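Welcome! Open your viewer, and let's walk through this model one selection at a time.

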Amino acid sequence: EGLERVWRDIYSAPGNERIRIHRVTILQDTDKPYSPIEMGVAFRIIVEYWNLVEGTTLILNLVLFTTDGAPVFESVTTEDPDWSARPHQRGLFRSTCFVPGDLVNAGNFMIQLIFFDDKLLQLFDFTEAAIVSVHDTTPRSKLAYYGRFVGSIHPKLKWNTTLIGSEVVHKSTTLIK
């Protein structure tokens, strides 16, 4: 299911004198709010945070781990053309990371949020910001297999198979010697 963790009080929210977390939300990109996160559907990780220091150029680094600690991927807000290398005023910000469908395998994952400034000085590390469960609910008409695939990611990769020869293999032909 979709997840939302909210800290309404800035003084007791996770953080420090520079950064405080207001909300971490994980939403599947469907018209149903808070629907289960499914392998084949894109989802968003939304982080709302208070910047408490005027003029700080913030970089938010999001890392997704398996629950046993193996890293799956990381992404940073420097990919956002509107805010990359731009000083942030004091205030409440929302940063959204868009995760494509068919990237993450079924299972439970932990989200870590690390805030840096433009000199890569670590401002705040929120190690267990959220746990997300990804479910495999897609019926498989082309594969008679039900269960979790190997690995932490399961991208739907493009394949192409081509016949490169039409020689007939006769019964009397020995393929292995």
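Which strand gives the most to the lining of the second largest pocket? Select strand 7 (91-99): with 6 residues, strand 7 gives the most to that lining. Strands here are DSSP runs of E with at least two residues, numbered from the N terminus.

Before going on, note that this is a predicted model, where local features need pLDDT of at least 70 and side-chain atom pairs count only at pLDDT 80 or more, while totals for chains, interfaces and linings use all residues. Residues are numbered from 1 along each chain as its sequence is written, and side-chain values use heavy atoms, leaving out hydrogens and water.

Next, select Glu 48 and Arg 94. They form a salt bridge (a side-chain nitrogen of Lys or Arg within 4 Å of a carboxyl oxygen of Asp or Glu), with the closest N and O atoms 2.6 Å apart. Glu 48 sits in strand 4 and Arg 94 in strand 7, so the pair ties together parts 46 residues apart in sequence. Glu 48 is buried, at 7% relative accessible area, whereas Arg 94 is exposed, at 58%; buried means under 20%, exposed over 50%, and partly exposed in between, using a 1.4 Å probe on protein chains only.

Now move to Glu 4 and Arg 23, another salt bridge, whose closest N and O atoms are 2.9 Å apart. This pair links strand 1 (residues 3-6) with strand 2 (residues 19-28). Glu 4 is partly exposed at 35%, and Arg 23 is buried at 17%.

Finish with Asp 118 and Lys 119, a salt bridge with closest N and O atoms 3.8 Å apart.

Notes:
Helix = DSSP H or I, 4+ residues; strand = E, 2+ residues; numbered from the N terminus.
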